[in-house]
Amino acid sequence: MAPSTKLPKDFIWGFATASFQIEGSVDVDGRGKSIWDDFLKLPGKSLDGKNGDVASDSYRLWKEDIALLASYGVRSYRFSLAWSRIIPLGGRNDPVNPKGIEFYSKFIDELLAHGIIPFATLYHWDLPQGLQDRYGGWLNKEEITLDYQNYARVCFEAFGDRVKHWLTINEPWCCAVLGHGRGVFAPGRSSDRNRSPEGDSSTEPWIVAHNIILAHAKAVTVYREQFKPTQNGLIGITLNGDWAMPYDDSPENIDAAQHALDFAIGWYADPVYLGFYPPYMREVLGDRMPDFTPEEWSIVKGSSDFYGMNTYTTNLCRAGGDDEFQGLVDYTFTRPDGSQLGHQAQSAWLQDYPDGFRAVRLSIFSLSSIVLTCVCEAPQLPMEGSNHCNYLTILATVTDIVLRYLQRYKLPIYVTENGFSVKNESDVNADEAVKDFDRVHYFQGTTKALLDAINVDGVDIRAYFPWSFLDNLEWADGYTTRFGVTYVDFETQKRYPKDSARFLIKWFKEREDPETAAKWDAKATKT
Ligand code: GBH
């Protein structure tokens, strides 16, 4: 029987954004500062010298933006809440700002009135500056885990009657490595004294990641104990999910790809889904790798109802790099024969390689213990060392076994971001930019990979959120890099749907399950 060409029942799709990247209005309605406000105003931090004071002006234009989303026919919208609008100083003893609550409350009601399912991210990198100043933000385990837990509780209380899909933390890797290792993201800490007056890149990223994982787990615990019984929603974390491929088939480069995945994904996914840190990380980092107490492990393990995955690209991996943040692995897009893996985006780290999108699902099931389990039950499989095995090789050779375990460990996957920045898109006018052929090409590839992953490979993917609904502030790249399916003229704040928006709208319309479509259409009370 030919595989289905339709999406499964109840499949959710929509676009994604984050508060600091789109909202602007940074000193309106009692909002407190976030660590990104002043960071981008420091010399050399933002590529074009611009900041988030206005961004896509979405705090002001929120109603129009929701109307535009509705006109696209999306079933959902992934947005993030700005902690410093809700608790301006951030802490558990600091006052809650009624205007912040009111804004997001109206916002959620408006989404629901259009039949759009809210997917709310609690933390997309905009830590209240108050907490950074008071105790060093994510570096302070005792304080930050309780303050984050309290903030989450405030949000569940205020919005959980209507929000049934929660994402705790977006891409903790970026906070740890870019914020506290390389120093290119707020709060900009690094050992490199040309970059930052303070910081220790050899210890802080591992501590920050550890504290973020624990904070996430504490928020999930509160949700499950105090809110889930009545509110009945789902909650989980969302991780960087770029795929790693060996540069060639030499054993050291096959290992290198696995090491890259351990440091990029396993660092968070192993603790959250399996209850331990990747053995290879301990091997490399020794005493610098923190550990949880048994009580902490008991809340960390199993602390996500689904697998939230942001995935953009694929890196070719070669052994022998000195970059600890990549597991001592070198990344490249150039194949051994000199050809490029895919088409280059504006972002240096991004090339178009849809096969990687389909492959990346395996990373979730190739976490060390699962493979060890496979190995235990299939002792004839190749294995290296006693506590670490080369699971890429195993995956390639025993896909059927992996698929069996995949059933057993199955967690639904929500693809919470996937997107492409077209080269030089900021140098042309709206008329030109809306013809975003390279982005259309990218989404042609990833949507096909999505459908194949679901219908050919049998992977349980339940949602897909292209990044991003709007052109917006691309963090340290300022406005030089655009990811939107909607062009934003940052002078006039006018919005122009790009060809990629039209492509995706049509693609999903043609592939939605008809009953699901009818059910959701009926939910909208506004057109
Ligand atoms: C996402 O991160 C973010 O969630 C989103 O806010 C952002 O706008 C979007 O992607 C597009 O960038 O050269 O070492 O600094 C995507 C994953 C991982 C991509 C870190 C950039 C920086 C590599 N990001 N990476 S480095």
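The legends below describe close-up views of a predicted model.

Residues are numbered from 1 along each chain as its sequence is written. Because the model is predicted, local features need pLDDT of at least 70 and side-chain atom pairs count only at pLDDT 80 or more, while totals for chains, interfaces and linings use all residues; side-chain values use heavy atoms, without hydrogens and water.

View 1. The secondary structure comes to 20 helices and 15 strands. These are DSSP runs numbered from the N terminus: helices are H or I with at least four residues, strands are E with at least two. Of the 527 residues, 64% are buried. Buried means under 20% relative accessible area, exposed over 50%, and partly exposed in between, with a 1.4 Å probe and protein chains only. Among contacts with a separation of 6 or more, 76% link residues 24 or more positions apart. A contact means heavy atoms within 4.5 Å.

View 2. Eight strands form a closed barrel in the order 1-2-3-4-5-7-12-13, with parallel pairing. From one strand to the next, the twist averages 30°. Two strands pair if DSSP finds at least two bridges between them. Strand 2 (residues 76-80) pairs with strand 1 over three bridges. Five bridges join strand 2 to strand 3 (residues 117-123). In that pairing, Tyr-77 stands opposite Pro-118.

**View 3. Strand 1 and its two neighbours.** Strand 1 covers residues 12-16; five of the five are buried, so the strand is largely enclosed by the rest of the structure. Strand 13 (residues 461-464) pairs with strand 1 in the parallel sense over two bridges. Here Trp-13 has Tyr-464 as its bridge partner. Toward strand 2, Gly-14 stands opposite Ser-76.

View 4. Helix 9 (residues 204-231) lies across strand 4 (165-170) and strand 5 (234-240). Its angle to strand 5 is about 165°. Helix 10 (residues 251-274) lies across strand 5 and strand 7 (307-310), at about 155° to strand 5. Axes are lines fitted to C-alpha atoms, for helices over the stretch in contact, and angles run from 0 to 180 degrees between N-to-C directions.

**View 5. Trp-267 in the largest nonpolar core.** This core has 155 residues. Trp-138, Trp-166 and Trp-267 have the most contacts inside it. A nonpolar core is a set of buried Ala, Val, Leu, Ile, Met, Phe, Trp, Tyr and Cys residues joined through side-chain atoms within 4.5 Å. Leaving out residues up to four places away in sequence, Trp-267 touches residues including Trp-173, Trp-206, Asp-262, Tyr-277 and Met-289.

**View 6. The largest cavity.** The protein has six cavities of 30 Å³ or more. The largest holds about 120 Å³ of space. A cavity is a set of points, on a 1 Å grid over the protein atoms alone, where a 1.4 Å probe fits but cannot get out; lining residues have an atom within 4 Å of a point. Grid points are joined across faces, edges and corners, and a volume is the space filled by probe spheres set on the points. The largest cavity is lined by 16 residues, with Ile-22, Glu-23, Tyr-77, Phe-79 and Phe-107 nearest its centre. Helix 1 (19-22), helix 3 (62-71), strand 2 and helix 5 (98-113) each supply at least two lining residues.

**View 7. Asn-315 in strand 8.** Strand 8 spans residues 314-319 and contains Asn-315. Asn-315 counts as buried because its relative accessibility is 11%. Beyond four places in sequence, Asn-315 touches Asp-242, Trp-243, Ala-244, Met-245, Tyr-331, Thr-332 and Phe-333.

Technical notes:
On a 1 Å grid over the protein atoms alone, a cavity is a set of points where a 1.4 Å probe fits but cannot get out, and a pocket is an open set with protein on both sides within 12 Å along at least five of seven lines; lining residues have an atom within 4 Å of a point.
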